[in-house]
2 protein chains.
Amino acid sequence: MPDTARTRFRLDGSRSEAPLRFVLVATQIAGPAVVRYVLEVEPVASAPAEQLVATAGPNVRRYLTGDL
Amino acid sequence: MPDTARTRFRLDGSRSEAPLRFVLVATQIAGPAVVRYVLEVEPVASAPAEQLVATAGPNVRRYLTGDL
């Protein structure tokens, strides 16, 4: 099943989990954002954005489509 | 290889990655902390701490021991 279909299934099929999944995804945005832009901790502060997206990607995928 | 040994290997064996790995782990603490205690977004704000630890655990393990 492709990720988009799996995401739709997860969010439709178990509606009570949808808010949790979305807010867990928010933690994957808030965490790097705080470390990079507020605390400005290296090497994340100056890492290429693409690298941070690539490292957080599997977490976001699991939060949307995986078992919690 | 147990996780502790794999972590040691990753952090010793590729020293240039160690700071990045540690700060990536920090993103997994900062993200849920901000969402839970600063923004207070439900359902993470009132989720059991154990659940948040369990959901972030695989991310932390990958950041310490996995491929980046």
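Buried means under 20% relative accessible area, exposed means over 50%, and partly exposed lies in between, with a 1.4 Å probe and protein chains only.

1. Basis. This is a predicted model, in which local features need pLDDT of at least 70, side-chain atom pairs count only at pLDDT 80 or more, and totals for chains, interfaces and linings use all residues. Residues are numbered from 1 along each chain as its sequence is written, chains are lettered from A and ligands numbered from 1 in the order in which they are written, and side-chain values use heavy atoms, with hydrogens and water left out.

2. Chain A overall. Of its 68 residues, 40% count as buried. Chain A has 3 helices and 0 strands, in the order α-α-α. Helices (H or I, at least four residues) and strands (E, at least two) are DSSP runs, numbered from the N terminus. Chain A exposes about 3900 Å², and carbon and sulfur atoms supply 62% of that. Areas come from the Shrake-Rupley method with a 1.4 Å probe; for residues, only the protein chains shown count as cover.

3. Contacts in chain A. Contact means heavy atoms within 4.5 Å. Among contacts with a separation of 6 or more, 63% join residues 24 or more positions apart.

4. A:Ser46. This residue sits in the loop between helix 2 (18-38) and helix 3 of chain A. A:Ser46 counts as exposed because its relative accessibility is 55%. Its C-alpha atom is 7.6 Å from that of A:Arg36, 10 residues apart along the chain.

5. Helix 3 against helix 3. The axes of helix 3 (residues 49-65) of chain A and helix 3 (residues 49-65) of chain B come within 10 Å and cross at roughly 155°. Axes are lines fitted to C-alpha atoms, for helices over the stretch in contact, and angles run from 0 to 180 degrees between N-to-C directions. The two helices are therefore roughly antiparallel (an angle over 145 degrees). The contact is made by Thr55, Ala56, Pro58, Asn59, Arg62 and Tyr63 of chain A and by Thr55, Ala56, Pro58, Asn59, Arg62 and Tyr63 of chain B.

6. Helix 2 against helix 3 in chain B. Helix 2 (residues 18-38) of chain B packs on helix 3 of chain B at about 160°, with axes 9 Å apart. That makes this pair roughly antiparallel as well. Residues that meet include B:Leu24, B:Val25 and B:Gln28 of helix 2 of chain B, and B:Leu52, B:Ala56 and B:Val60 of helix 3 of chain B.

Key
Parallel < 35°, antiparallel > 145°, perpendicular 65-115°, else oblique.
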